[in-house]
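This report walks through one protein model, from overall totals to single residues. Keep the sequence and the coordinates open while reading.

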Amino acid sequence: MALPPLARIRLRLQAPLGTPIVSGTLFGQVCWAIRVAEGEAALEAWLAAQGEAPTIFSDAFPEGLLPRPLLAPPPPRLPQGQADADAAAARARRPWIRATEFAALRLRLDPVFLADKLVDAPWDADATSVRLGHGRVDPLTGRAGAADGFADEADWSFQVAPLRDVYVRSAETPARLATLVGSVGADGYGRHASWGRGRFVVETVEPVPELDGADGPRWLSLSHGTIDAAMREPRYRLATHAGRLGAAASGVGLRPWKHALLLAAPGATFAAAGEGPFGALLAGVHPGDPRVRHDARHVAIRYAEVAHP
């Protein structure tokens, strides 16, 4: 099956995020948006059509950046001073590469020189992460007491860098994608949407042919997804996903907690003979309702590595 072309949805955050924008959660909230706007039958039909007409999302990344691809380890370098070695190691740990750099180099990615192309996030994570302690109200006096040890953490980086890029392969039109994803942002994405968190608007939906194409024997994943049998020689880092259903689930009597999943994080790389989709649209992820799904498919783009002896 030929996958739909790659497109980029550019979001403008208007509020802090209580939940990071990750691929499977965004897919789930789009499902709820379809159910609310068009009815449960429309959602069931949309999910049933995912095999022939898929819609697969990436995580949201800082504007113009992609996750660092996991390449084969480079050959050992000559001994160097401790300061130089520490600086080189710090560069190699930077989490992002500019999409323009990746597009220019994607058919000759060299692990030796990749570190010099990596960049940090355009904000200070420590400075933009805010933890709020939970207080307790005494039921006898009605007065607030001390914090109970629990805290919620929110990402306020939208104040310094509000734009995020979500990549998508979808049979839907750009206008419909803008409507579906925009409705998620209007209602609020993720935890504490009722507090005003997770609000965003869709600025553009446009193709990105410079990142797409049929060349290159390996693929870079931009999503949280499973590793399936078609993904050969994978390199990945694992991430635990402890998902919850959205607030809308309480209206139909479902418990919010889903089974925890172990997924490969964005930046995973692999070889594959086919075009995908790779990963799986998982069933059986909720103990109370077998219809609940979790999208663990990958938005993936081709690349080639420079081989070193």
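Does arginine 68 count as buried or exposed? At 19% relative accessibility, arginine 68 counts as buried. The cut-offs are under 20% relative accessible area for buried and over 50% for exposed, with partly exposed in between (1.4 Å probe, protein chains only).

## Basis of the model

This is a predicted model, in which local features need pLDDT of at least 70 and side-chain atom pairs count only at pLDDT 80 or more, while totals for chains, interfaces and linings use all residues. Residues are numbered from 1 along each chain as its sequence is written, and side-chain values use heavy atoms, with hydrogens and water left out.

## Overall totals

The protein has 309 residues, and 44% of them count as buried. Its secondary structure comes to 7 helices and 17 strands. These are DSSP runs numbered from the N terminus: helices are H or I with at least four residues, strands are E with at least two.

The accessible surface is about 15500 Å², and carbon and sulfur atoms hold 57% of that. Areas come from the Shrake-Rupley method with a 1.4 Å probe; for residues, only the protein chains shown count as cover. Among contacts (heavy atoms within 4.5 Å) with a separation of 6 or more, 79% join residues 24 or more positions apart.

## The four-stranded sheet

Four strands form an open sheet in the order E2-E8-E1-E9, with antiparallel pairing. Strands pair if DSSP finds at least two bridges between them. E2 and E9 (200-207) are the edge strands, each pairing on one side only. Neighbouring strands are turned by 25° against each other on average, direction ignored.

E1 (residues 6-13) and E8 (residues 163-170) share 7 bridges in the antiparallel sense. Leucine 6 has arginine 169 of E8 as its bridge partner. E2 and E8 are also antiparallel, over 6 bridges. Here threonine 55 has serine 170 of E8 as its bridge partner.

## Strand E8, covered on both faces

How many residues of E8 are buried? The count is 8 of the 8 residues, so E8 is largely enclosed by the rest of the structure. In a regular strand the side chains alternate between the two faces of the sheet. On one side of E8 are Leu163, Asp165, Tyr167 and Arg169; on the other are Arg164, Val166, Val168 and Ser170.

## Helices on the sheet

H1 lies across E2 and E8 and runs at about 125° to E2. Axes are lines fitted to C-alpha atoms, for helices over the stretch in contact, and angles run from 0 to 180 degrees between N-to-C directions. H7 (residues 174-187) packs on the sheet and touches E1, E2, E8 and E9; its direction makes about 160° with that of E9.

H1 and H7 also pack on each other, at an angle of about 100° and with axes 9 Å apart. The two helices are therefore roughly perpendicular, a label for angles of 65 to 115 degrees (under 35 is roughly parallel, over 145 roughly antiparallel, the rest oblique). H1 contributes Gln29, Val30, Ala33, Ile34 and Glu38 to the contact, and H7 contributes Arg176, Leu180, Val181, Ser183 and Val184.

## Helix H2

H2 (residues 40-48) has Leu43, Trp46 and Leu47 buried. They cover an arc of only 95° around the axis, which puts them on the same side of H2. The arc is that of the directions from the helix axis to the C-beta atoms. Cover for the buried residues includes H1 (23-38) and E2 (55-62). The face turned away from the buried side carries exposed Ala41 and Ala48.

## Strands E10 and E17

E10 (residues 218-221) and E17 pair in the antiparallel sense over 4 bridges. Arginine 218 has tyrosine 303 of E17 as its bridge partner. In E17 (residues 300-303), Ala300 and Arg302 point one way and Ile301 and Tyr303 the other, and all are buried.

Arginine 68 is in the loop between E3 (65-67) and H3 (82-92). Its C-alpha is 5.7 Å from that of isoleucine 97, 29 residues apart in sequence. Not counting residues up to four places away in sequence, arginine 68 touches residues including Trp96, Leu118, Arg237 and Gly267.

Proline 62 is in E2. This proline is buried, with a relative accessible area of 2%. Proline 62 and aspartate 165 are 103 residues apart in sequence, yet 6.2 Å apart in space, C-alpha to C-alpha. Leaving aside neighbours within four places, contacts of proline 62 include Trp96, Pro122 and Trp123.
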